[in-house]
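Dear colleague,

I am passing on the structure below, together with some notes on what was found in it. Please read the notes with the structure open beside you.

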Amino acid sequence: QEKETEEGNVKFIKISKENFMEELMQKLYENQIQSVLVEGGSRTLQTFIDQNLWDETIIIKNENLLLENGTKAPKFNGKLTQEKTMRDNVVSIYRNL
């Protein structure tokens, strides 16, 4: 996003790459946002995990969709709290220890 804008009930907030996490936490605080869903790439997810800024992780695996050169999943320690199969997918839910 190039600039800060609002479109309906969606607000776009510009944050620099250099101080991303610090600025993000400050903007969330300023906007009184207490819950965030992060669906990023491996690097973004690993940043949140490394800074212990996560409560729950949902992993969806489909053994029929094997990629030889896929992106490695982030590494984390968590407790498996629920697992279920939905069609060809295995959905696993982990909580932060």
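Two strands are said to pair if DSSP finds at least two bridges between them, and strands here are DSSP runs (E, at least two residues) numbered from the N terminus. The model is a predicted one, in which local features need pLDDT of at least 70 and side-chain atom pairs count only at pLDDT 80 or more, while totals for chains, interfaces and linings use all residues. Residues are numbered from 1 along each chain as its sequence is written, and side-chain values use heavy atoms, with hydrogens and water left out.

Strand 3 (residues 56–62) runs antiparallel to strand 5 (residues 89–96), the two being joined by seven bridges, and within this pairing Ile60 stands opposite Val91. Strand 5 also pairs with strand 4 (residues 78–86), again in the antiparallel sense, over eight bridges, with Thr85 opposite Val90. Two residues lie between the strands in the hairpin of strand 4 and strand 5, where Arg87 takes a positive phi near 55 degrees.

Asn62 belongs to strand 3, and it counts as buried because its relative accessibility is 18%, where buried means under 20% relative accessible area (1.4 Å probe, protein chains only). Beyond its neighbours within four places in sequence, Asn62 is in contact (heavy atoms within 4.5 Å) with Asp88 and Asn89. Its side chain makes a polar contact with the side chain of Asn89 at 3.1 Å, a polar contact being a pair of N or O atoms within 3.5 Å, of which, within protein, one must be able to donate a hydrogen and the other to accept it, and residues adjacent in sequence count only if both atoms are side-chain atoms. A polar atom of the Asn62 side chain also lies 2.8 Å from the backbone nitrogen of Asn64.

Notes:
Helices (H or I, at least four residues) and strands (E, at least two) are DSSP runs, numbered from the N terminus. Buried means under 20% relative accessible area, exposed over 50%, partly exposed in between (1.4 Å probe, protein chains only).
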